[in-house]
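Reader: Could you take me through this model, with the criteria behind each assignment stated as we go?

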Amino acid sequence: MSTDDAFAEAYRAHYWAVSRFVARRLDGSAHEVEEVVAEVFSIAWRRRTELPESPLPWLYAVARNCLSNTVRGLSRYRRLLNRLGNHEAAHRRQTVESPDAERPGSWVHEALARLSSADQEVLRLTAWEELTVEELAVTLGCGRSAAAMRLHRARRRLRAEIDRTRTTVSARAGDDGNGGRNG
Amino acid sequence: MGAAMGDELELLRAADPVPAGAGRWRDRPLDARAEAGLARLLHHTRTRRAGRRLMLRAEAAVLALVAVVCFLLSDAGSSPAAAAPGPIVPHADTRPVPLAELARRAEARARAAAPGDGPHRGSHVQSWYLSMQAGPDAAPPVTVPEERITRWNADGSGSELVVATDPRHPGRPVIHDDDGHWRTVSDGKVLHRRTYPAGSEAQHGGLASRTRPPTDPAKLRAELGWLYGGAGGARTVTPLLQALSSFRGEWTPGPRETAAVVRMLADAGGLRPAGSVTDRLGRRGEAYVHDGTGLRQMVILDPRTGELLGLEETFTTDQPDFKVKAGQVMSYEAWMP
């Protein structure tokens, strides 16, 4: 199979997985997600001679780089808006007090958000992209044992944050005598 | 994993915000856009990049204004035309027109519209963006004026044209933000020109451009939120107006879509009529102002038709990190038919 054929096969097989990867990480609209995904595959195309046999973790690595560039640009603008107090996300953060007010998973997201960005990424790659430790190593560009260690530590810290969140929730629910709502 | 509640990875898995089995990004065969993307990479990579870059810039133009820029303004002696245009001030002696009244005018016009009256893809906009640097060594921001015309025809052929120009000062040099480098160029300098043969439209459109705008105000608002809004959609007026600006960069609405826009703005609340104005292109418009924290947005509508003429965003507090002072206009966009 030629390099171009291998690329086309990887594109067809993983287009939606890469789209989900970007959508999970980009605080942006569907349109912005599409644009970033196009950029990811355009970079992957230029580097297609490096395409490994199982391309998905490698594509995720390309996407991570691509996202960090995009997010740098976007975040500068959003930081400015946030500081102005206008941005929707800023408002939302102030108004959502109950961890499960919007959807069942939101308090898990809150727990996740309290971890370092490196921990968050290891956990997202494992839970949402369902990478094995070997694949994790490819995407993160580190050795297998380093990946395993990072995952182990990140899991432990997530566990601690979840326990803390749940304790806070039950305490808060107890305060308003409204415990059934969270149960 | 039996003890689901006990396993933090299981909990996280269950909270996947973008699952593989449902929603917009679910697993399925490639759609037409994704197929076109692949075909482009395999066959037309070279011609594609400039076009896409432009599209990115056109649709996310407001992001470009905070690009980190290098201060390369060489001829410090001659001041470029568009140094720092001030905000538009409503005429004092006019009776403001309530948005609801303007919405009724726009709806009457929509009812009289012919089936073929818009919307059409493409837009014509004259913009002035404040290009800023961030950080301790930031240079004061400068205003970058551009005219941008995107056209798509029924046969799928199209063209893009970007010109550095400030219509308020014809013939004077203007500042151009060349991927982060500020330069002065002569008025009317063509920054980008491209034509596309028949059948190209499907390949060059993003999701936003393929989604025909609804004529129902509530549906329009929902669509602006998910398509052009940030993660929070467009639930408050500030992101709604910014989403409207992005939308107008893709589409030129017809009378029916215009009526939906004005009604949507009237229903949104938070916009107060400020009286009539003369915009930077010398057109008469009705101004409606939203005062956010630190930022004032003024949307300008045609008093007869309700058509969106312009959107101005002005800082109302200093932003020292960006060397921005209260009263400076962050952006002004003037749309033309």
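Reader: Is B:Leu42 buried, partly exposed or exposed?

Author: The model is a predicted one, in which local features need pLDDT of at least 70 and side-chain atom pairs count only at pLDDT 80 or more, while totals for chains, interfaces and linings use all residues. Residues are numbered from 1 along each chain as its sequence is written, with chains lettered from A and ligands numbered from 1 in the order in which they are written. A residue is buried if 20 or more other C-beta atoms, placed from the backbone, lie within 10 Å of its own, exposed if 12 or fewer, and partly exposed in between. B:Leu42 has 14 other C-beta atoms within 10 Å, and therefore counts as partly exposed.

Reader: In which helix is B:Leu42 found, and with which residues is B:Leu42 in contact, leaving aside its neighbours within four places in sequence?

Author: Helices (H or I, at least four residues) and strands (E, at least two) are DSSP runs numbered from the N terminus, and B:Leu42 is found in α2 of chain B, residues 32-43. Two residues are in contact if their C-beta atoms, placed from the backbone, lie within 7 Å. Leaving aside neighbours within four places in sequence, the contacts of B:Leu42 are with A:Asp4 and A:Ala8.

Reader: How do α8 and α10 of chain B pack, and which residues make the contact?

Author: Axes are lines fitted to C-alpha atoms, for helices over the stretch in contact, and angles run from 0 to 180 degrees between N-to-C directions; here the axes of α8(B), residues 217-228, and α10(B), residues 255-268, are 8 Å apart at an angle of about 85°. Because angles under 35 degrees count as roughly parallel, over 145 as roughly antiparallel, 65 to 115 as roughly perpendicular and the rest as oblique, α8(B) is roughly perpendicular to α10(B). The residues in contact are B:Pro217, B:Leu220 and B:Arg221 of α8(B), and B:Ala260, B:Val261, B:Arg263, B:Met264 and B:Asp267 of α10(B).

Reader: Which residue of β10(B) is the bridge partner of B:Tyr288?

Author: Strands pair if DSSP finds at least two bridges between them, and β9(B), residues 284-291, is joined by six bridges to β10(B), residues 295-301, in the antiparallel sense. On its other pairing, β9(B) runs antiparallel to β8(B), residues 272-278, again over six bridges, and there B:Thr278 stands opposite B:Arg284. In β10(B), the bridge partner of B:Tyr288 is B:Val299.

Reader: Which glycines take a positive phi in the hairpins of β8(B) with β9(B) and of β9(B) with β10(B)?

Author: The hairpin of β8(B) and β9(B) has five residues between its strands, and a phi of about 80° belongs to B:Gly282 in the turn. Three residues lie between β9(B) and β10(B), where the glycine with a positive phi near 85° is B:Gly294.
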